[in-house]
Amino acid sequence: MNIVNQKAESFVVAQDLVEKAREVIPYLREKSDEANSLRRPPEDVRKMMKSSGFSRLWMPRRFGGAEGPLRAGCDMLRTLAHGCGSTAWITVQNALHNLMLANWPVEAQEEIWGTTPDVLVSGILIPGIGKAAKVDGGYKLSGRWPFVSGVEVADWIIFTGNCTDEDGTVHELHFVIPKADIEVLDTWYTIGLKASSSQDVKLNDVFVPEHRTVVEEALKGGADCPAAKLYDGVCYKVPPYSIFGCFIGSAALGISEAAVDYYISGARKRVATMANGKNIASYTTQQVKVAEAQSAVIAARQLIYSILGDAEQLAESGAGTTEEDRTRFRALTAYANKLADSAGATVLEAGGGGVIYERNPVSRCISDLTVTNRHITQNWDVNGSTYGRALLGLPIESPMLED
């Protein structure tokens, strides 16, 4: 079925989404205390997230999406993080899982997006947790998954699960399930990203029809993946697992940028309480610290841009990616996070006693960064070692990045 040239009567435009993200920064800052108290976005923020179209950045145009460039994702997400790190974090899930859904059977895409292109899709892609059993017409899925970010505001959730054949062969499958069919467990009590609603989720023999299931291979990207055969967007040819961390990292980068901006703004007018009223900005130590922090976030941003540019160029050329390419994307993403995190640490060190108060917005940024850095895609040791193995010609032991 060729549906490349079939388009919705109206669809979102990537650059418009970046501008809209900039416009909602004051609104998200105003709602941040309420959101953190609720440990999820308030209802009016959820409605804004749906009406804004942020989740539709990489949705096919046929369903009202933008099929946007990858760099627009970095710009949109880091901009949203200037308003609320948790909202940006959830939006990463919504946009990227829509990108992945373009590889599901068209019947599933019609069911999910056909009349409701504003749906929010969350997911958790940890392998080996879910257990699936083949039944007539589909599968029954059971398991308990942690860190399902945005689950309480989502409409659909993507899960992974292993299905074992009669001969003992194990297949990893991906499933998409409506929110109504899941059980949300109240576990998200954390030191940062408090409003990201990253709760645990439990399923017990939930039926998933065949058309809402795909095999692991379908999500490896490249010119032969299902989405690339259906739609024009270059975004569908890029291996999604190799760049997932770029967008997790973009949200983290935006939080770091916000911390630096907040700090510089405060330092320009701050007076040292123990130095005879001398302005903080006049100290050489402060000048060096803010220069170091700003340089770190600029370097991190340029590194993420370069990864996304390389990934798109390879996809457009039709050359495809190698294991070394894919592991390099993941490693450089984690390295960009080291830079962004260092910026947060620098302003924390420079801030003295003032940054320990909850009323100081730098404090919330640092708490959020503490949590973003725990994501597997931002872990330098994990991703650096995998890249090192590829460089040395060793097996990389990462199925979704392997050839």
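Predicted model: local features only at pLDDT ≥ 70, side-chain atom pairs only at ≥ 80, totals over all residues.
**Stop 1: the pocket**

Select the lining of the largest pocket, which comprises 32 residues. Now pick out Leu125, Ile126, His375, Ile376 and Thr377, the lining residues that lie nearest the pocket centre. Next, colour helices by element. Two or more lining residues come from each of α5 (85-101), α8 (240-267) and α12 (380-391).

**Stop 2: Asp325**

Move to helix α10, residues 323-350, and select Asp325. Is Asp325 buried or exposed? Asp325 counts as buried, because its relative accessibility is 13% and the cut-off for buried is under 20%. Show side chains here. The Asp325 side chain makes a polar contact with the side chain of Arg328, at 2.9 Å. Then look beyond the neighbours within four places in sequence: Asp325 is in contact with Leu314 and Gly320.

**Stop 3: the cysteines**

How many disulfides does a search of the whole structure find? The count is 0. Select Cys235 and Cys225 to check one case. The closest cysteine sulfur to that of Cys235 is in Cys225, 9.7 Å away, so the two are too far apart for a bond. Cys235 is also buried, at 1% relative accessibility.

Finish with Cys246, which is in no disulfide either. Its nearest cysteine sulfur belongs to Cys74, 8.0 Å away. Cys246 is buried, with a relative accessible area of 0%.

Key: Residues numbered from 1 in each chain as written. Heavy atoms only, no water. 1 Å grid on protein atoms, 1.4 Å probe; cavity = no way out; pocket = protein on both sides within 12 Å on 5 of 7 lines; lining within 4 Å. Helix = DSSP H or I, 4+ residues; strand = E, 2+ residues; numbered from the N terminus. Buried < 20%, exposed > 50% of the residue type's maximum accessible area, 1.4 Å probe, protein only. Polar contact = N/O pair within 3.5 Å; in protein donor to acceptor, adjacent residues only side chain to side chain. Contact = heavy atoms within 4.5 Å. Disulfide = S-S within 2.5 Å.
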